[in-house]
Amino acid sequence: MSDYRIDEGMEVTLHFTLKLEDGTVVDSTRDKAPATFQVGDGNLPPGFEAPLSGLTDGATGSYEITPEHAFGQHNPQNVQLIKRDDFEGEVPEVGMVMSFADAAGGELPGVIAEIDGEQVKVDFNHPLAGRTLTFEVEVIKVAPATTH
């Protein structure tokens, strides 16, 4: 048991379970190795880090994270129509997650939302956008982050 508390510059190892409003588990480390991250490294959205602040080894908690603090609201501008011909031989199916090139040449995942003749509606919102999530954590270890 350490006296360290979760704060900037700390490395945290924890188990977490992420659930939707209806209790459906979206992600969990319970059946695998715990997650380790450095506070502020961008692995966790700030809204997930904030409630953990001050916790120490062995602490557990359950936090409700609103869309604003999780993956944002669903933005209709992130839903775009793409011509079916632009799929270059790949056959899009509703519900499929596909990778698209963004303006900067990076990869952007999009979900095929609808197919209407030659038009394919692609939703580039995060799949959890607009959802209030329950973030359950069990802190295993808090230690000063070592810089590599």
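**Close-up views of salt bridges and a threonine contact**

**View 1. Arginine 30 and glutamate 138 meet through their side chains in a salt bridge, with 2.8 Å from N to O.** A salt bridge is counted here when a side-chain nitrogen of Lys or Arg lies within 4 Å of a carboxyl oxygen of Asp or Glu. This pair links distant parts of the chain, 108 residues apart, since arginine 30 sits in the loop between strand 2 (25-28) and strand 3 (35-38), while glutamate 138 belongs to strand 9. Strands are DSSP runs (E, at least two residues), numbered from the N terminus. Arginine 30 counts as partly exposed at 47% relative accessibility, and glutamate 138 is likewise partly exposed, at 29%; buried means under 20% relative accessible area, exposed over 50%, and partly exposed in between (1.4 Å probe, protein chains only).

The model shown is predicted, so local features need pLDDT of at least 70 and side-chain atom pairs count only at pLDDT 80 or more, whereas totals for chains, interfaces and linings use all residues. Residues are numbered from 1 along each chain as its sequence is written, and side-chain values use heavy atoms, with hydrogens and water left out.

**View 2. Glutamate 136 forms a salt bridge with lysine 19, and the closest N and O atoms are 3.2 Å apart.** Because glutamate 136 lies in strand 9 (residues 133-144) and lysine 19 in strand 1 (residues 10-19), the pair ties together parts that are 117 residues apart in sequence. Glutamate 136 is partly exposed, with a relative accessibility of 27%, and lysine 19 is also partly exposed, with a relative accessible area of 22%.

**View 3. Aspartate 27 and lysine 32 form a salt bridge in which the closest N and O atoms are 3.9 Å apart.** Aspartate 27 is partly exposed, with a relative accessible area of 33%, and lysine 32 counts as partly exposed at 48% relative accessibility. By the rule given in the legend to View 1, the count comes to five salt bridges.

**View 4. Threonine 13 and threonine 36 are joined through their side chains by a polar contact of 3.0 Å.** A polar contact is a pair of N or O atoms within 3.5 Å; within protein, one must be able to donate a hydrogen and the other to accept it, and residues adjacent in sequence count only if both atoms are side-chain atoms. Threonine 13 is found in strand 1 and is buried, with a relative accessible area of 15%. Leaving aside neighbours within four places in sequence, threonine 13 is in contact with Pro34, Ala35, Thr36, Val139, Ile140 and Lys141, where contact means heavy atoms within 4.5 Å.

Note on methods. Helices (H or I, at least four residues) and strands (E, at least two) are DSSP runs, numbered from the N terminus.
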